[in-house]
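Colleague: I am new to this structure. Could you take me through how its parts pack?

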Amino acid sequence: AANLYANVQRKKKALAYLQLLGSSRFSLIWYPSFKSLGLVVGGLLGSFIAYYTFGIAVDHMVSSSLQAGESFVELSRLDIQIFISAVLLTSMFASLIAALTVLRVDPSEAMRED
């Protein structure tokens, strides 16, 4: 949430210019939403790739004490669904905070800040 909020604060002047050029405030809400979605998708992909890579490495290291077809590191589908749901829900709230900040950008105030 802090990253998205800080990014909106840094881009406040650019967002104000976009409003002055005719973009509606509600169309600018998509900026933090897509930024959040990109961060979440990248984070989820990276975490699952790392999990399965290290899982394979651990299974290989302890393979002598495992039965055939048995795995030392394993996530159930329910665990994966809960994890993805929690991450998406958290990111949705983070982008909502940033989107509310975008809605509060007043072009005249943003131009006076410089």
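Modeller: Pro32, Ser33, Ser36, Val40, Leu44, Ser47, Phe48 and Tyr52 of H4 meet Ile80, Phe83, Ile84, Val87, Leu88, Ser91, Ser95, Ala98, Ala99 and Val102 of H5, where contact means heavy atoms within 4.5 Å. Helices are DSSP runs (H or I, at least four residues) numbered from the N terminus. This is a predicted model, in which local features need pLDDT of at least 70 and side-chain atom pairs count only at pLDDT 80 or more, while totals for chains, interfaces and linings use all residues. Residues are numbered from 1 along each chain as its sequence is written, and side-chain values use heavy atoms, with hydrogens and water left out.

Colleague: How are H4 and H5 oriented to each other?

Modeller: Their axes are 9 Å apart and the packing angle is about 155°. Axes are lines fitted to C-alpha atoms, for helices over the stretch in contact, and angles run from 0 to 180 degrees between N-to-C directions. Angles under 35 degrees count as roughly parallel, over 145 as roughly antiparallel, 65 to 115 as roughly perpendicular and the rest as oblique. H4 and H5 are therefore roughly antiparallel.

Colleague: And how are H1 and H5 oriented?

Modeller: The axes of H1 and H5 come within 8 Å and cross at roughly 20°. That angle makes the two helices, H1 and H5, roughly parallel.

Colleague: Which residues of H1 are buried?

Modeller: Buried means under 20% relative accessible area, exposed over 50% and partly exposed in between (1.4 Å probe, protein chains only). H1 spans residues 2-10, and its buried residues are Leu4, Asn7 and Val8.

Colleague: Why do the buried residues of H1 line one face of the helix?

Modeller: The arc is that of the directions from the helix axis to the C-beta atoms. Seen down the axis of H1, the buried residues line one face because they fall within an arc of 100°.

Colleague: What covers the buried residues of H1?

Modeller: On the other side of H1, Ala2 and Arg10 are exposed. The cover over the buried residues includes helices H2 (12-20), H4 (30-61) and H5 (77-103).

Colleague: Is Gln19 buried or exposed?

Modeller: Gln19 lies in helix H2. Leaving out residues up to four places away in sequence, Gln19 touches Arg25, Leu28, Val102, Val105 and Pro107. With a relative accessible area of 12%, Gln19 is buried.
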